[in-house]
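These notebook entries record what I looked up in one structure.

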Amino acid sequence: LESTGVPGYTEMPKMVGRGRSVRHFDNPVWPGATGAVFTVVTPEEARTSLLPTFEALAASLEARSHGQYGIHVFALPCEQII
């Protein structure tokens with residue numbers, strides 16, 4: 001994130017939940033947790049800097065872990081920053 005020039009971010013390092021094929025509830029039955037990072041950037045910053053960096057990271061994680069680990073990027077419109 002620092003290398004992409006984002007102005008700031010919020011990190012939530014330990015989140016629990018389930019996806020299509022994996023459950024992470026940080027307990028003995030479903031060990032582990034996942035994380036999330038939120039940032040607000042302009043659409044131009046997202047296209048030119050943030051998304052290409054995370055696409056490369058996602059491809060690297062996918063290849064190195066043989067499909068066990070990955071990342072997801074969700075882009076949502078932000079109407080106002082207060």
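**Entry 1: W30**

I located W30 in the loop between β3 (23-24) and β4 (34-38); strands are DSSP runs of E of at least two residues, helices runs of H or I of at least four, numbered from the N terminus. The model is predicted, so I kept to its thresholds: local features need pLDDT of at least 70, side-chain atom pairs count only at pLDDT 80 or more, and totals for chains, interfaces and linings use all residues. Residues are numbered from 1 along each chain as its sequence is written, and side-chain values use heavy atoms, with hydrogens and water left out.

I found W30 partly exposed, at a relative accessible area of 35% (buried is under 20%, exposed over 50%, partly exposed in between; 1.4 Å probe, protein chains only). Setting aside neighbours within four places in sequence, I noted that W30 contacts R23, H24 and F25 (heavy atoms within 4.5 Å).

**Entry 2: Salt bridges**

I counted two salt bridges, each requiring a side-chain nitrogen of Lys or Arg within 4 Å of a carboxyl oxygen of Asp or Glu.

I recorded one between D26 and K14, at 2.5 Å from N to O. This pair links distant parts of the chain, twelve residues apart: D26 is in the loop between β3 and β4, K14 in strand β1 (residues 10-15). D26 is partly exposed at 38%, while K14 is exposed at 59%.

I also recorded R47 with E44, their closest N and O atoms 3.2 Å apart. Both lie in helix α1 (residues 43-64), three residues apart, about one turn of the helix. R47 is exposed at 54%; E44 is partly exposed at 44%.
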